[in-house]
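Please keep the sequence and the structure in view while reading.

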Amino acid sequence: MKIEKIQSNYANNTAKSMSHGNLREAAPAISMTNTVLPGYYCALSVMPKTISFGKSSVEFLREHAQSPAYRFNPNDKDDLIPRSYRGIFENKKANIVGLELLKDDFLHRDTVIHNYYSTEFPSVRMFDADDTKLKHANQGGSAFIFSPGYLHTEQIYNLAQKGNSDGIYVDKPMCVNEFGINVLDRVAKTTNKPIYVGDTFFFTNMAALRLMGVPMPYQDAITIDMDNSKDKKFTKCIENATPFYKHEDIESVVAKINETGDPELIKRPWLDDYKKGGGVLNDLQTHISNLLNLMGLELNRVDTVSAWKSPCVGTGIPGFATPGMDIERRERGQFRRCARNEAEDRVIITGKLNKTIPAYLECAQYMKERENYIIIAGMDGTKIRCNTDIFNRKVELLDRDDNVLAKARVCTNPYPLMIHHAQTFFDENKGQNASMFFDVNKKTMQQIIDLKSKIYLSNK
């Protein structure tokens, strides 16, 4: 079924069975409120609040964080792919969508998938990233989706029609608009397929998340290099997943993901297409928001949103890019105000977390210098610095003068941990409509949609 047909069904409040994939009214008739986002033309469908999830991701993590399933041989700690985990993938069926987009990725995702799900066996079926029908998907197997975000809604919906399966994994962003949230909400609630929304930053920042009270698994992947904190509080908080700061003890939060613009971006043209959810809010800000939301630090007051576009040279139109232009020709560090119908290259947000904590959030590509961190400042003058960089997976406790009091890091490559965690989650929740990180990503996407709606109002 085309996604346009699904949208029409929603708009007309039709009731169809979702048994084996057809839509069914699991809640009272849906009252549709359609709004147009300035410059984005996205239809917003407001769902009733009758659909909810029984457990949060934090509760799921707490239940199995100490399980032997999430430990590995110390010899595997510095391996790209921990050998200890390969057994869980033996004799498993899998559907892998969009693996071609992962080639030469610095996260080595293609290597991980090929190792865990060998394509030499017929039980593994491969699909192009833009295949939304997935007609020949294995039933009774896992599904891993690595396609562009604007394709996720239809792919997940269609996979949910393929009979029983271990579960469906999808990379962030889980979708690109509120209509997608509503469809995926319904799929997650009314089918017996576990859904896992992956974000590598959850595992890059396992030490930081445990330090802030989130019981992430794979504790033995974390090494504490030093701890001069009072009473070794830093170590104790990581080991026990208890928060170093209570929310009322946080003075401010500053978070940045600023990238220089890799030439590989030219292979992902949808990132520069606003109709397909392009822009740094969906691509980069989702990482920051996911981490903050998982920590319980919700952006629920937005004061300002400012957005810019990176100009290109040689287009013939000053300040405007030519589709397909080489990324190397971008003027790094040079920006102009983002116009209507453009995907943003830099966004700065100010507001409040949990209604009281001042926040400054920035995400950008084509900057001159890379900046990837979250700094959580405490009322006592100390700071927690979380490096949100795949190459620098450490968290530090700083004093008033920015001297390092304590430091921990994640040793193992985070991507194999996430794929292993997803498959283990599927195995533990077969036949249940459980979700992992769905609630966090849903909250993030709702925030992103709100931020996009404010961009052009702020830029007038």
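Of the 460 residues of the protein chain, what percentage count as buried? The share is 58%, where buried means under 20% relative accessible area, exposed over 50% and partly exposed in between, with a 1.4 Å probe and protein chains only.

The model is predicted: local features need pLDDT of at least 70, side-chain atom pairs count only at pLDDT 80 or more, and totals for chains, interfaces and linings use all residues. Residues are numbered from 1 along each chain as its sequence is written, and side-chain values use heavy atoms, with hydrogens and water left out.

**Whole chain**

The protein chain has eleven helices and 16 strands. Helices (H or I, at least four residues) and strands (E, at least two) are DSSP runs, numbered from the N terminus. Among contacts between residues at least 6 apart in sequence, 74% join residues at least 24 apart; a contact means heavy atoms within 4.5 Å.

**Helix packing**

Two helix pairs are set out below. Axes are lines fitted to C-alpha atoms, for helices over the stretch in contact, and angles run from 0 to 180 degrees between N-to-C directions.

| Pair | Angle | Axis separation |
|---|---|---|
| H3 (residues 109-116) and H10 (residues 414-428) | about 45 degrees | 9 Å |
| H4 (residues 152-159) and H5 (residues 178-190) | about 20 degrees | 10 Å |

Angles under 35 degrees count as roughly parallel, over 145 as roughly antiparallel, 65 to 115 as roughly perpendicular and the rest as oblique. Helices H4 and H5 pack at an angle of about 20 degrees, which means that H4 is roughly parallel to H5. H4 passes H5 in a left-handed crossing. A crossing is left-handed if the near helix is turned anticlockwise from the far one by less than a right angle, and right-handed if clockwise. On the H4 side the contact is made by Thr153, Ile156 and Tyr157, and on the H5 side by Gly180, Val183, Leu184 and Val187. These residues divide into five nonpolar, two polar and no charged. Ala, Val, Leu, Ile, Met, Phe, Trp, Tyr, Cys and Pro count as nonpolar, Asp, Glu, Lys and Arg as charged, and the others, Gly among them, as polar.

Helices H3 and H10, with an angle of about 45 degrees, are therefore oblique to each other. Their crossing is right-handed. Arg109, Val112, Ile113 and Tyr116 in H3 meet Tyr415, Pro416 and Ile419 in H10. By class, this contact has six nonpolar, no polar and one charged residues.

**Two asparagines**

Asn413 is in the loop between strand S15 (404-410) and H10. Is Asn413 buried or exposed? With a relative accessible area of 13%, Asn413 is buried. Leaving aside neighbours within four places in sequence, Asn413 is in contact with Asp79, Leu80, Leu107, His108 and Arg393. A polar atom of the Asn413 side chain lies 3.0 Å from the backbone nitrogen of Tyr415, a residue that also takes part in the contact of H10 with H3. The C-alpha atoms of Asn413 and Phe203 are separated by 8.6 Å, although the two residues are 210 residues apart along the chain.

Asn387 belongs to strand S13 (residues 383-387). Asn387 is buried, with a relative accessible area of 4%. Apart from neighbours within four places in sequence, the residues in contact with Asn387 are Asn205, Asn372, Tyr373, Asn392, Lys394 and Glu396.

**Backbone geometry in loops**

Which residues does a cis peptide bond join? Lys172 and Pro173 are joined by a cis peptide bond, with omega about -10 degrees. Pro173 is in the loop between strand S4 (167-171) and H5.

Asn91 has a phi near 60 degrees, a positive value in a residue other than glycine. Asn91 lies in the loop between helix H2 (57-64) and strand S1 (94-97) and counts as exposed at 79% relative accessibility. Ala241, also not a glycine, has a positive phi near 55 degrees. Ala241 sits in the loop between helix H8 (233-240) and strand S7 (250-258) and counts as buried at 13% relative accessibility.

**A lysine in H11**

Lys452 is in helix H11 (residues 438-458). The relative accessible area of Lys452 is 4%, so this lysine is buried. Lys452 and Ala343 are 109 residues apart in sequence, and their C-alpha atoms are 9.8 Å apart in space.

Conventions:
Polar contact = N/O pair within 3.5 Å; in protein donor to acceptor, adjacent residues only side chain to side chain.
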